[in-house]
Amino acid sequence: MDRPSCRLRFSKHNGHLRAHGLVSGVIHKKNGTTRTFSVMRTLRVKSMNGTVPGAARTAADAKATCRVLHLVLAPLNLNLLGLKVHLDKVLLNIVAHSGAGQLLGNLVCAVAHLLDSGGTLSQLLTKLGKILDQLLMGL
């Protein structure tokens with residue numbers, strides 16, 4: 001039997017996740033005979049580990065992670081008195097996860113949001129700036 005390519009691909013169609021790949025199996029007939037098949041098919045993925053793919057995230061889920069740092073360093077070549085050092089491109093991503101039992105993630109997310117517009121520290125800095133403006137008006 002000529003077997004099709006076994007490459008598995010995923011796509012999104014009309015908001016639904018679809019898997020395209022090889023489906024193969026054996027059909028057992030009542031008379032005791034069997035028939036094997038292999039065919040490429042595209043099937044809609046209805047759930048993964050009990051979760052519906054593409055389901056809208058709640059506001060709590062959206063706050064559960066916060067991006068702390070995204071750093072990209074270009075390749076670096078150094079010649080230090082005959083010692084050659086080469087560092088390839090470096091990509092560093094730090095993401096904090098907050099929630100119950102995530103002590104460090106909760107702390108880092110809280111600190112990361114201190115300077116958001118309208119945050120507590122931002123309000124305090126605005127008020128301090130206004131007070132300084134008032135005090136320095138006579139100068």
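**Notebook: elements, a hairpin and a disulfide**

I counted the elements and found 3 helices and 7 strands in the protein, taking helices (H or I, at least four residues) and strands (E, at least two) as DSSP runs numbered from the N terminus. I keep in mind that this is a predicted model, in which local features need pLDDT of at least 70, side-chain atom pairs count only at pLDDT 80 or more, and totals for chains, interfaces and linings use all residues. Residues are numbered from 1 along each chain as its sequence is written, and side-chain values use heavy atoms, with hydrogens and water left out.

Reading from the N terminus, I noted the order β-β-β-α-β-β-β-β-α-α.

Next I looked at strand S5 (residues 76-80) and strand S6 (residues 83-87), which pair in the antiparallel sense over 5 bridges; two strands pair if DSSP finds at least two bridges between them. The two form a hairpin with 2 residues between them, and Leu 81 in the turn has a positive phi of about 50 degrees.

I then searched the whole structure for disulfides (cysteine sulfur atoms within 2.5 Å) and found 1, which joins Cys 66 to Cys 109 with an S to S distance of 2.1 Å. The link is left-handed, with -110 degrees about the S-S bond. Cys 66 lies in strand S4 (residues 65-73) and Cys 109 in helix H2 (residues 103-112), so the pair ties together parts that are 43 residues apart in sequence.

Last, I checked burial (buried is under 20% relative accessible area, exposed over 50%, partly exposed in between, with a 1.4 Å probe and protein chains only): Cys 66 and Cys 109 are both buried, while 6% of the 139 residues of the protein count as buried.
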